[in-house]
Amino acid sequence: MTKESEKRMRIRIYGIVQGVGFRPFIRKLALRFRITGTVCNRGSYVEIYARGERLSEFLEAIPKEAPARSAILKIKTAVPEEPEFPPESEDFEIIESAKEEGMVFVSPDIATCPDCERELFDPENRRYLHPFINCTACGPRLTILDSMPYDRVRTSMGEFPMCEDCNLEYTDIRSRRYHAQPICCNDCGPELYLLKGPETGKDALIKVRNLIRRGGIVAIKGIGGFHLCCDGSNDEAVGRLRKLKHRPFKPFAVMMRDMETVRRECEVPEGAEELITGPQKPILLLAKKRTHEAGASVLSEALAPGNPNIGVMLPYTPVHMLLFRYPEEENSQEPAMPEVLVMTSGNPSGAPICMTDAEAEKYLAPMCDEILSNPRKIRIRADDSVMSFYRNQPYMIRRSRGYAPLPTVLPQEYHHSVLGIGGELKNTFGLLRGDMNYMSPYIGDMADVRSVEALELAEERLERLLEITPEAVVCDLHPKYNTGEVARKLAEEKGIPCMEVQHHYAHVLSCMAENEWDAPVIGVSFDGTGFGTDGTIWGGEFLLSDYDGFRRKGSLQPFLHAGGDLASKEGWRIAVAMLEPDAAEQLNLGSPKERAAIRFMLGNRVNVVESTSAGRLFDGVSAILGCKERNSFEGEMSMQLQFAAEQAEAPEIYDGPLISEKEDFFYLETSSLVREIARRRLSGKDAGALARMFHEVLSRMVLEGCRRIRRENGISTAALTGGVFQNTLLLELCRNKLEHDGFRVLTHSLVPPNDGGIALGQAVYGARKLEKEDSRCV
C-alpha cells in the first residue's frame, strides 16, 4: 500500500443500516475526523468513499458510535484505484441511493426511543400524547412492511398521507424524522378505537385504563399483534384471565411502568438493565425479590405460581406508555394506575398471536371486557422476544420482536439459497443466502392448523421482502410432523428438492453456525424427543459432528415410555416405567389402577416407546421428588426440578457409575441414578438436595462422555444445545466442568437452544449439501 493509497478507502457496511439515521451519522463522524468523500445507501449495504489522514480513527469509531438502533454485521474495506473515487471535494456528502443486487436487510421493529418518549409527554410538542409517535431511530419496521426498498408507500402507513408539517420533517436531512417511514402526528396518523364500545382516540384509551384499574381484562393491539392485559397486582383479575385463557400455571409476562419498578420487584444482574431498556426491549426472565426494602411486593402470586422468576419488559410503544401515564387524567378521582400489567400474548391456546381485528373479535373477545385497536395494519406477526440472562449475556428462549429478521452471520458463504422450515414446536423458520441466515419472527406450535397457515403466510412474505428464492427446503426427519408436510408442499410448488435432517444434528449445526465455528465438535444435544436415524426416539445425544455429517457416539440410557403422548404430559408415568413396582407404589406415583395399566403395557409392549429423551428423564425425576407430576405446559416439570435444585444448600453425594460402554458406543448410567434418587427419597432425604444431586451427576456424566470422545478422536470442542439447556443450572454445571477439563465450549446466545433455533441448523445443512452436489458435478 502506497502512502497515497493510505489516504483513501472504500468502506462497505452490512446490516441494519437503513432507516436508523446511519448516513447522517457517517457524515457527522467524517466531518469530525476531517474526512472528505461520500456515503450512499446501496440497498444491501452502505457504501462510503473516504479520503483523509485519519481514516483508521474514522473506521474504528464507526462500530463504536453507530446509532443505537443500527446493527452492524460486517464491514469490508478496500483501496481501489483512484478512478473509482468520486471527484475530490472539500466536503463529505450524502449522495442519492442506488440499489444493487445482493443481501437485503430488513430492520426489526424498534422500541420507542427516549427522545420520542420525552416529546410524548411534552405539552409544548405538537405530538403531545400521540399514540403513534416515532422517528428515524424508533418505531415499527418489519411488521408494517409490504415490500423493499423500505419506503412509506410500501408500508401499511402508506394509507395515511402525511400532513404538511410531517412532510417537511420527513424531507429535511437535519430532522430527527428524516425518512422515518412511519412518521405521523395527531393530525395525520392512525387513531385508537374500541371494538366493543363507541369510544375513539383519548376516550378509548381512558376507558381502557379505567377497566384495568377496576379489575377488567382488555386486549390491546401492539406492533406485532394483540396482548391480553390486566392489573398484575390484582389476584382476582389474574386468576380470571387464567381461567379464560385455559392457562392454569404457565407464567404470565408482565410489563412494568419503569426501571424503578423493575429494580424494586426483581433482582437485576449487572448488565441486564442495558438489555431491558435497550431498543429491543425483550421480555427478560428475572428473579423476584424475596425481601423488599419498602413494603411488600405488588406482584400477584398468581402471575408465576411456584416460580421464583418472572418475565419482565418495559413499555415499548407509545400506547403502552400512555396506559401507565396519561397526564390529562392524573387529577381524576380514579385510583392510580397499577405499576405492573400482565401483558401476555393475545391468542387462544396453541394458536398464533392475533394480528387483525377480525381475529381479535373471534378469539379474544370471549376472554376480555374490551379490545383497544387501531387502523394501522400488521403485515406479519411478531410476538415478544423472551430471554434469560446468562454470564452477563442474553440467552434467547424465543426470538421474535426486536430481533427478527436480523440475520446470523455464518462461518462461510454459500452459493445456494435455502429455506429451513423450523421445528414442530416453537416454530421459527429461516432463509439462508450467502453467509447470512435470516430467522423469522416466532410462529408457534404446529399442532394447530392456524399456526400452519401463519407459517405459510409469513414464509411467503419474508421470502419476498428479503428477495430470496430458495433452491431447497429442509425439514425434520420425523415422518409425521406438520412442518414436513408444509416443506414438501412448498418444495413441490417451487419445483425444488425437499431434504430431511436429523433433529439433534440440526441443533448441533445451529450452535456451530451461531458461534461461526467450522471445525468438528462434540455435540451434546439434550431435548424432549426427536426421530433418530435408526427409527427410534432420541433426546439425549452425543454426536461427533461437522458440517458434512455426524456419528452418534453416545446417549442417555434408553428407557420406556408407556401411554403414548400422555407420557410427555404426565411425568409420573416415566417414573413408574423406570422404577421397581414397590418403589413406585411407595412414592404414590399414580393410582393403583394406573400403575397396573402401565405395567401391563410394559410387559406386553403395547403403546410403549423406547427413547433416550433428556426432557422426559427430567420429568420422571421431578415426579419422583414430588416437584411436579404433570405438565400443564411444556417443560413445567423440568422447571420445577431446576427450581428445587437451585434452592438446595448442597447436593447429596453420589459415587455410583457414570457411563457404561458397549462396543463403539457409550451410555450415561441415568437409570442407576434415577433408582438411587428414588431409594434416597424414600429414606427421607431432602428433595431439593436430591434435585441438586441429579443436576450435578448429570453434568459429570456429560463430562465423562465428552472425555471419551476426545480420547478417541482428539476433538476438544463441545457444543451444548437443545431445549434442556434452557436450564441454566445444568448449562453452567456442564460448562464449568468441561472448561476446567480443557474443553472449548460453544453455547447459544441470540439463537434459542430449543426448537426455535433449529431452522438455522436445517438451512446450513441444506446449503452444505447443495455445495457438495455442485462439487461432485464439476
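These legends accompany several close-up views of the structure above. The model is predicted, so local features are taken only where pLDDT is at least 70 and side-chain atom pairs only at pLDDT 80 or more, while totals for chains, interfaces and linings use all residues. Residues are numbered from 1 along each chain as its sequence is written, and side-chain values use heavy atoms, leaving out hydrogens and water.

**View 1. Helices α18 and α21 cross at roughly 150°.** Here α18 (residues 614-624) meets α21 (residues 687-713), with axes that come within 11 Å. Helices are DSSP runs of H or I with at least four residues, strands are runs of E with at least two, and both are numbered from the N terminus. Axes are lines fitted to C-alpha atoms, for helices over the stretch in contact, with angles from 0 to 180 degrees between N-to-C directions. The crossing makes α18 roughly antiparallel to α21 (angles over 145 degrees). Look for L617, F618 and V621 of α18 and F694, H695 and L698 of α21, which make the contact (heavy atoms within 4.5 Å).

**View 2. Y390 and Y395 form a tilted ring pair.** A search of the whole structure finds eleven aromatic pairs. Rings of Phe, Tyr and Trp (its six-membered ring) pair if their centres lie within 6.5 Å; planes under 30 degrees apart are stacked, over 60 edge-to-face, and the rest tilted. For Y390 and Y395, the centres are 5.7 Å apart and the planes stand at 55°. Y390 is buried at 8% relative accessible area, and Y395 is also buried, at 1%. Buried means under 20%, exposed over 50%, and partly exposed in between, using a 1.4 Å probe and protein chains only.

**View 3. Y505 pairs with F550 across distant parts of the chain.** Y505 sits in helix α13 (residues 503-514) and F550 in strand β25 (residues 549-556), 45 residues apart. Their ring centres lie 4.9 Å apart with planes at 35°, so this pair is tilted. Y505 is buried, at 2% relative accessible area, whereas F550 is partly exposed, at 23%. Ring pairs also bring W538 and Y765 into a cluster with these two residues.

**View 4. A cis peptide bond joins A404 and P405.** Omega is about 5° here. You will find P405 in the loop between β16 (393-398) and β17 (407-409).

View 5. L129, not a glycine, has a phi of about 60°. This residue lies in the loop between α3 (114-120) and α4 (164-171) and is buried at 8% relative accessibility. For H246, phi is near 55°. H246 belongs to the loop between α6 (235-245) and β9 (254-256) and is exposed, with a relative accessible area of 65%.

How values were computed:
Parallel < 35°, antiparallel > 145°, perpendicular 65-115°, else oblique.
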